[in-house]
Structures are given as structure tokens and as C-alpha cells.
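User: I have the model open and want to know what stands behind the terms used to describe it. Please set each value against its definition.

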Amino acid sequence: MALKLYNTMGRKMEEFVPVNPGCVGFYGCGPTVYNYAHIGNLRAYVFLDVLDKTLKFLGYDIKHVMNITDVGHLTGDADDGEDKMVKTAEERHQSVLDVAKFYTDAFMADIDALNIRHPDVICKATEHISDMIELIKKIEANGHTYTAGGNLYFDISTFPSYGDLACLNLDELKAGAGRRKVSIIDENKRNPGDFVLWFTKSKFENQAMTWDSPWGRGYPGWHIECSAMSMKYLGKHIDIHTGGVDHIPVHHTNEIAQSEGSFSPEEKAAGPWVKYWLHNEFLVIEGGNKMSKSSGNFLRLQSLLDRGYDALDYRFFLLGGHYRKQIYFSWEAMDGAKNGRAALNERVAKLILKAKEGGFVLTAENFAEKLDALSEKMREGAGEGENLKKFREALENDLLTPVAMACMQKETGVKNRPAEESLADIYTMDKVLSLKVLENALKAAEKLEKEAVSVAEDHSTDSEAGEIEALLAERSAAKKAKDFARADQIRSELAARGITIIDTPQGPTWKRS
């Protein structure tokens, strides 16, 4: 089965065929670092991480690029309102760069806690102003711009396919209608849907960060940074671009127009700027509202940690829903995720102890090397297990993480298979799901072993010890033979004599009440 992804451009499932065979370049919209990321924002980066690790799991060489917006993003996506970075800097009485560094560091700490791999390239808007200027020059040379009120605008009427991504009608947008919110307060615009490529000080005279440009001293519009930086690091034609569904009608629609508006005839003939567009849905909270900073529906990852959850409990919760479906957040759902993850870890711990009984010993230092080696041996021999095959199929079907999660859960209970082989497949699955299952299961196994030692008693002076041990052995044999009636009868007989059986990963032990 080949990887299939739902392409927002065209609204359909498509087989994934990269621009360059075996290699994937993809760009994910990163944070605007004017405040902490909330847990709704972080859903996008867990989705990105699953995509990143799925591509690697399927054998692709990948280059993942993500931007950090530290200039130019206004409080309204359509060029209205204040600059988000400047607004926060004024409120905190700090420089814009200090604000950007503080919240960038906080964002990185969040993604580390969620076990998200850092993109191969993390690029800051303020460090790529010259790239943006050069790109805008090409757009201007191709006849897509006009100057008004000191600002340089992209004229959407010059780009016939404008709105294709969002299924918008260009004629309606020219008239100011359509199915998206557009700025109507900027009288300089010829069409309400036009957008700024370069602001001069005529827009905000007190703008904190400005640069010299052919259009005057000023700063870039928000949308241009993603086009410029993606092309710098991935080339003119990239495989995948991701973001939240809220980016579709304005930000990503504008990105396409300005990117392809910069193309030469030869570049245009070579294909679109982005081949596959992937978008994740919102995290929804009580009342059916999406989580947002402006509405006050705002929970940080730290908010969850303060209530006793682990960051990986939240990742577990998110993986239980498909990225294209809204997920409803509640504390009850978080409790379920916490308990579910703990139960998974304990089941894997029991597999670790079972493998140990057979001489396959895993430790925190050797588990990765030993399980990778076993996986390789299995591929050369009998092949991967049935659940791992279904896991792969789930990921190849537009990243169906709920099914992939179920495959990992099922593997913990497979009968008549060596425990170490199940552990190898679970470890392979967790390279994508990234729940640190083996690391945490090893800790749980150590705890189970200690508990088994603590409940064991010295029965050397007990006159009935031999008889009781014989009955325990008979009970174990009965369970193995699936004679559960006899096993239950022995437990009842011993209980009547004041003896409690304690089943441990190392076998049954007993104590007197």
C-alpha cells in the first residue's frame, strides 16, 4: 500500500508522489512568538511530528522546515490591527527581540516535553528580510503589485487562480463579498482581498523594527516570510505544506498567490509551488469553541502539568483523534488518556519481564540497540508482525493515528508470540507515536519487580509450606491447561485456610492473612 494523503487543494485523497523520488521537503507554519503556545496550537505540532516521523518510517529522506514569526504578524490576518510582537513588547516594557526570544524558548520547551523532533531548519523571519525583499522584487517585476499610501500591495485580480485552495470566488472577492473575512478598513486597497507585501512607516509610524527596501524603510507583511523561507531552504517546488485550517482562507491562499506570482514561465511550467497541502483541525473546548488566545479560551501545556498530567498524556490524547477531525478537550478526557497511557506502559512492562524470564534482558541503556537489531533480524526472516503491518497501513491511509494506536495496544496482548518480538514491533511503532513506551515500561517493570520482592515472605519455618507450594504449582498448571475451574477451586481452598495468593510477573507467591 502506498502513502495516501488528503490534499486540501482539490479536497481529495491522493497517492503521495514526491517531487524528487525518495526525498521529501515539507514546510510547516511555525509560531508567532508573542505569547505562550496554547494546547490548541500544540496540536498542530504533534500532527507535524507524526507526519515527519511517518515519512521517515516509510523510508523517505526528509527535510522539514519551520518558521518562527518574530515580525509582521498583525492581530488581524488580513492586514488590519496592531503588530502582535510590538503589542506584547509594549505591554511587557521589553524589546521585540527579547519578547521573541522568551516565547521562542518557551515554545521549544513545550515541543521537547511532547517528544516532538525539532525540524531540520528553524528559521526566524527577522533573519531573512533580504530574502523577502528579493522575492517581492520578482513579484513586482511580474506585474502583480501596486503602491498606495506608501505600502506595496499584491493585486489579487492579477492572479486568476487566487482562492483555489479555499474554494473562494475571485469575482466575489473583488466585489468585497465571498466566504472569508477580509479587511475593509484599508482604503488604499483596490480589492478588499488584496494584501500587503511591504509596509512603510506610513502604516505604523512607531513600528519597532524596520529595514531599508526599494519601497521605502519599513517591514514585510506576514505572508511573505513563509514563501521566501520555504523557497530558500526547499526550492521553488516543495512536496508538502502544513498548517491549521484557519490558515486556509487567508494566509495560505496569499502564500500561493505571491509564491507562484514570483515564478518565471519555466518555473510555472514545472508545476505548483506546493504539491500537497495538509491542514489540521481545531481543538474544541467546552461550549464548542476553538481554543484561542483572543477569546480567553487559553490553556498552556504547563496548565496540564500543574494538574498532575504528564505532557505525554496530552500527546496520547491527541493521537486518539485524526488530525482532520476536531477533538473535544475536557479534564475527563485527559483522565482517560492518563490512565490509558499508564495501562499501556504496565502491559509493556509485563512483556519486558516475560522476555527477561526467557533470557532477553532489556535495560534503559541497551533497549534501543537490542530491539533495533531484533527488528532487522525479523525483517530478514519471518517479517514484521500482523499488528505492525496494520500499523503501517493505518499511517499510509492519511495518518490514521487512532488505528495506529490500537495496533500498538493489541500487540501487548498477542498470544503465542515471543515477548521480545512483540517488544521489537512496539518499539518500532513508538518511533512514530513517540510516547516513550519502552522507557516508561522499563521503569514500571522495575517497580513490579520490587513489589514482588516486598510481598514475598520467608516460609522456611511454616510447616505447611511444602503443601501450599505444591497447590500453587498445580494451580499454575491448571491455568496453563485452561482448567480455570480447578485454578479457582485451589484459590478458594487456600483462602479458606487464611492464605492469600499474590500473582506477580515472576509467578505466584503467598502469604498468611
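User: What makes β6 and β9 edge strands?

Analyst: The order of this open sheet of 4 strands is β6-β7-β8-β9, with antiparallel pairing. β6 and β9 (218–220) each pair on one side only, and that makes them the edge strands. From one strand to the next the twist averages 25°. The model is predicted: local features need pLDDT of at least 70, side-chain atom pairs count only at pLDDT 80 or more, and totals for chains, interfaces and linings use all residues. Residues are numbered from 1 along each chain as its sequence is written, and side-chain values use heavy atoms, with hydrogens and water left out.

User: How do you know that β6 and β7 are joined as antiparallel strands?

Analyst: A strand is a DSSP run of E with at least two residues, a helix is a run of H or I with at least four, and both are numbered from the N terminus. Two strands pair if DSSP finds at least two bridges between them. Strand β6 (residues 145–148) and strand β7 (residues 151–154) run antiparallel and are joined by 4 bridges, so they pass that test. Tyrosine 146 has tyrosine 153 in β7 as its bridge partner, and alanine 148 stands opposite asparagine 151 in β7. The hairpin of β6 and β7 has 2 residues between the strands, and glycine 149 takes a positive phi near 60° there.

User: What is the order of the open sheet of 3 strands, and how do its strands pair?

Analyst: Its order is β13-β12-β14, and the pairing is mixed. The edges are β13 (289–290) and β14 (327–328), each pairing on one side only. Strand β12 (residues 283–285) pairs with β13 in the antiparallel sense over 2 bridges, and isoleucine 285 stands opposite asparagine 289 in β13.

User: Why are α4 and α6 called roughly perpendicular?

Analyst: Angles run from 0 to 180 degrees between N-to-C directions, and axes are lines fitted to C-alpha atoms, for helices over the stretch in contact. Under 35 degrees counts as roughly parallel, over 145 as roughly antiparallel, 65 to 115 as roughly perpendicular, and the rest as oblique. Helix α4 (residues 129–141) and helix α6 (residues 224–234) pack at about 100°, with axes 9 Å apart. They are therefore roughly perpendicular to each other. Asp131, Met132, Leu135, Ile136 and Ile139 of α4 meet Ile224, Glu225, Ser227, Ala228, Met231 and Lys232 of α6, where contact means heavy atoms within 4.5 Å.

User: What makes α13 roughly antiparallel to α14?

Analyst: Helix α13 (residues 386–396) packs on helix α14 (residues 401–411) at an angle of about 170°, with the axes 8 Å apart. That angle makes α13 roughly antiparallel to α14. On α13 the contact is made by Asn387, Lys390, Phe391, Ala394 and Leu395, and on α14 by Val403, Ala404, Cys407, Lys410 and Glu411. By class it has 6 nonpolar, 1 polar and 3 charged residues. Nonpolar covers Ala, Val, Leu, Ile, Met, Phe, Trp, Tyr, Cys and Pro; charged covers Asp, Glu, Lys and Arg; the others, Gly among them, are polar.

User: Which element gives the most to the lining of the second largest cavity?

Analyst: α1 does, with 3 residues. This cavity holds about 50 Å³ of space, and its lining includes Tyr45, Leu48, Asp49, His64 and Met66. α1 and β4 (61–68) are the elements that give two or more residues.

Conventions: 1 Å grid on protein atoms, 1.4 Å probe; cavity = no way out; pocket = protein on both sides within 12 Å on 5 of 7 lines; lining within 4 Å. Points joined across faces, edges and corners; volume = space filled by probe spheres on them.
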